[in-house]
Amino acid sequence: MTLAAALLALPLSAETLRIATWNADLSREGPGLLLRDIRAGKDAQVAAVVAVIARTHPDILVLTGIDYDHDLRALSELAALVAAAGGPDYAHLYARRPNSGMASGIDLDGDGRLGGPGDAQGFGMFSGQGGMAILSRLPVDGDAARDFSAFLWRDLPQALIDGAGLSPDAVEVQRLSSVGHWAVPVELPEDGRRLTILAFHATPPVFDGPEDRNGHRNHDETAFWTRLLDGDLPFAAPKAPFVIAGDANLDPTDGDGRAAALSALLADGRLRDPAPKSAGGPEASARQGGVNAAQQGDPALDTADWPEDGPGNRRVDYVLPSADLTLTGAGVFWPAEGQDGAAEATAASRHRMVWVDIDLP
């Protein structure tokens, strides 16, 4: 058993906090369909998602790839299923309307038509498709949370928007966040201190043309955090302790994309990269072959299981605590084939949950 697996199997002490992120693929093709599937109690993918969360037991979970509804009904009922399955009691939920599916009012993708999913601020067939959410055992101060999702791409210092193929009208309205960027304070159980969760979900750096619009935007969605920490934005930099968590949709070593901003973030001395690993990543990579055979990075770090005749397996999901925090464990929930939890992980999502354990400051 690996150290990560051993830590996952042990109950956490009162002084330890488990923070996780997961793109759970809880997105459907129309509004309200996710809530329908959760309520029906017959959806195998929803059941697998619940089982994985109950098994890994994060105290704070940043979910990406989950449809948003205004009253958070789908999120609330998902949390209730997790608690009923023996998982954490997520008494505190946070979500805001994402940019995905939000109408821009102009022809953003330049296809000559208005109102398509490519004309939304972030790609989406309906408003709220593929949003983000935070589930927490600890109190969330929603009033003090900051939503940076309306920040315009053009206003990011050193932005790569030039050359991304946007029309002048698109440059005037295009937001940086394809889904969202948030700073959400969570109240710690001692001394009244807070831990800020910096959550995001970047666009894939593909599905465009030679102008590489998505590649430019993906780079800058990650660069946003460096600019925020540097104090280069019209927002106050977060005070430690904090954790950046979410889906960067980019591997620092393999695949398409512009990795400079991500590599800089992983090497930033104000953060820690726990380099969480799994047993299932290397096993899957070796078994599948294909593009995975040419992978340069460590497959134990992979967090997404994409087809070997497509992008292959990649490390794209991250939990990066601030440097002042003490880490006691980290891992990717990707059991090898035949191990406990492997079937649920495969049935739940193409992504695997990434978790980090920290000592409370």
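User: Quick one to start: is R350 buried or partly exposed?
Analyst: R350 counts as partly exposed, since its relative accessibility is 45%. The cut-offs are under 20% relative accessible area for buried, over 50% for exposed and partly exposed in between, with a 1.4 Å probe and protein chains only.

User: What am I looking at, and how are things numbered?
Analyst: This is a predicted model, where local features need pLDDT of at least 70, side-chain atom pairs count only at pLDDT 80 or more, and totals for chains, interfaces and linings use all residues. Residues are numbered from 1 along each chain as its sequence is written, and side-chain values use heavy atoms, with hydrogens and water left out.

User: Back to R350. Which residue does R350 form a salt bridge with?
Analyst: The partner is D25, with the closest N and O atoms 3.1 Å apart. A salt bridge here is a side-chain nitrogen of Lys or Arg within 4 Å of a carboxyl oxygen of Asp or Glu.

User: Which other residue does that, and where is it?
Analyst: Q158, with a positive phi of about 60 degrees, is another non-glycine case. Q158 is in the loop between β5 and α5 (168-173), and counts as exposed because its relative accessible area is 61%.

User: How many salt bridges does the whole structure have?
Analyst: A search of the whole structure turns up 20.

User: What does D59 pair with?
Analyst: D59 pairs with R137, and the closest N and O atoms are 2.5 Å apart. That links distant parts of the chain: D59 is in the loop between α3 (44-56) and β2 (60-66), R137 is in the loop between β4 (131-136) and β5 (146-147), and the two are 78 residues apart. D59 is buried, at a relative accessible area of 6%, whereas R137 is partly exposed at 35% relative accessibility.

User: And which residue does D141 bridge to?
Analyst: D141 bridges to R194, with 2.6 Å between the closest N and O atoms. This pair also links distant parts of the chain, with D141 in the loop between β4 and β5 and R194 in strand β7 (residues 194-201), 53 residues apart. D141 counts as buried at 16% relative accessibility, and R194 as partly exposed at 34%.

User: Switching to Q45. Where is it, and what does it touch?
Analyst: Q45 lies in helix α3 and counts as buried, with a relative accessibility of 15%. Leaving out residues up to four places away in sequence, Q45 touches A24, D25, L26, R28, A347 and A348; contact means heavy atoms within 4.5 Å. The C-alpha atoms of Q45 and A345 are separated by 9.7 Å, with the residues 300 apart along the chain.

User: Where's the cis peptide bond at P241?
Analyst: The cis bond joins A240 and P241, with omega about 5 degrees. P241 sits in the loop between α6 and β8 (242-247). As a rule, most peptide bonds are trans.

User: What does T196 touch?
Analyst: Beyond residues up to four places away in sequence, T196 touches A183, V184, P185, P241, F242 and V243. T196 lies in strand β7 and is buried, at a relative accessible area of 14%.

User: Last topic: at what angle do α6 and α7 pack?
Analyst: Helix α6 (residues 213-230) and helix α7 (residues 260-267) pack at about 30 degrees, with axes 8 Å apart. Axes are lines fitted to C-alpha atoms, for helices over the stretch in contact, and angles run from 0 to 180 degrees between N-to-C directions. The two helices are therefore roughly parallel to each other; angles under 35 degrees count as roughly parallel, over 145 as roughly antiparallel, 65 to 115 as roughly perpendicular and the rest as oblique.

User: Which residues meet there?
Analyst: H219, T222, A223, W225 and T226 in α6 meet A260, A261, L262 and L265 in α7. The contact residues divide into six nonpolar, three polar and no charged. Ala, Val, Leu, Ile, Met, Phe, Trp, Tyr, Cys and Pro count as nonpolar, Asp, Glu, Lys and Arg as charged, and the others, Gly among them, as polar.

Technical notes:
Helices (H or I, at least four residues) and strands (E, at least two) are DSSP runs, numbered from the N terminus.
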